[in-house]
Amino acid sequence: MKVRPMQDSDLDVVVELEKTVFPDPWSRISFEYELKSNPYSLPLILEHMGEIAGYAIIWRIFEEFHIANIAVHPNLQGRKMGSYFLRHILSLKENCSYAILEVRESNQRAIHLYENFGFNIIMKRTRYYRNGETALVMQKIFSKEND
Ligand SMILES: CC(C)(COP(=O)(O)OP(=O)(O)OC[C@H]1O[C@@H](n2cnc3c(N)ncnc32)[C@H](O)[C@@H]1OP(=O)(O)O)[C@@H](O)C(=O)NCCC(=O)NCCS
């Protein structure tokens, strides 16, 4: 497995994957914005046997390391690829002081993954998602001990 920067040529696969894993998928235009225009964005691809196994969009904005989007291919979920990917992602924090993300309250697998990596629920955003679901805001504070 390896992690590499996302490229324009990955977009067809990423956009299709996004539609299969999320009820409110990001549009192709959103991914293009992240790739081409957002100076704070770090779009990443997880590769397994030369194929796209997952992707992530990270915003590194001053002290904040925001995990805006992360997914593993449905056929490959539950095989620790998400854990491998998140470990790699967190190693890119540079001088950020905390990582933060939003997750659907019903998304137990993702919540479990984030808790494994030391994220805590710091807030709830009621009716945050289009279907009315609540978002949990989870944060991991970086310190010398948990680097
Ligand atoms: C969330 C996601 C990235 C995790 O990737 P993954 O490769 O499936 O994760 P892993 O195999 O590393 O498993 C992570 C943990 O979840 C646990 N887990 C697996 N299925 C679970 C379930 N149904 N309920 C609770 N925990 C579960 C695993 O056991 C593992 O914990 P452990 O290491 O303590 O055993 C992936 O499932 C995914 O892409 N989901 C759809 C998109 C999504 O929800 N993204 C997150 C949005 S915030």
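Mentor: In this predicted model, an oxygen atom of the ligand is 3.4 Å from an N or O atom in the side chain of Q77. A polar side-chain atom of H112 lies 2.9 Å from a ligand oxygen, and for R109 the pair is a side-chain N or O atom and a ligand nitrogen, 2.8 Å apart. Each is a polar contact, meaning a pair of N or O atoms within 3.5 Å. Taken alone, the ligand exposes 950 Å², of which the protein buries 75% (Shrake-Rupley areas, 1.4 Å probe).

The model is predicted, with local features requiring pLDDT of at least 70 and side-chain atom pairs pLDDT 80 or more, while totals for chains, interfaces and linings use all residues. Residues are numbered from 1 along each chain as its sequence is written, and side-chain values use heavy atoms, leaving out hydrogens and water.

Around the ligand there are 21 residues, among which V72, K80, G82, S83 and N107 come nearest (a heavy atom within 4 Å). By class, this shell has nine nonpolar, eight polar and four charged residues; Asp, Glu, Lys and Arg count as charged, Ala, Val, Leu, Ile, Met, Phe, Trp, Tyr, Cys and Pro as nonpolar, and the others, including Gly, as polar. The largest share of the shell, seven residues, comes from α4 (DSSP runs, helices H or I of at least four residues and strands E of at least two, numbered from the N terminus).

The ligand takes up the space of the largest pocket, the criterion being more than half of its atoms within 2 Å of the grid points. A pocket is an open set of points on a 1 Å grid over the protein atoms alone, where a 1.4 Å probe fits, with protein on both sides within 12 Å along at least five of seven lines; lining residues have an atom within 4 Å of a point. The lining comprises 35 residues, with F22, I70, N107, A110 and Y114 nearest the pocket centre. Elements giving two or more residues to this lining are α1 (11-21), β4 (64-72), α3 (81-90), β5 (98-104) and α4 (108-116). Here β4 gives the largest share, seven residues.

Technical notes:
A polar contact is a pair of N or O atoms within 3.5 Å; within protein, one must be able to donate a hydrogen and the other to accept it, and residues adjacent in sequence count only if both atoms are side-chain atoms.
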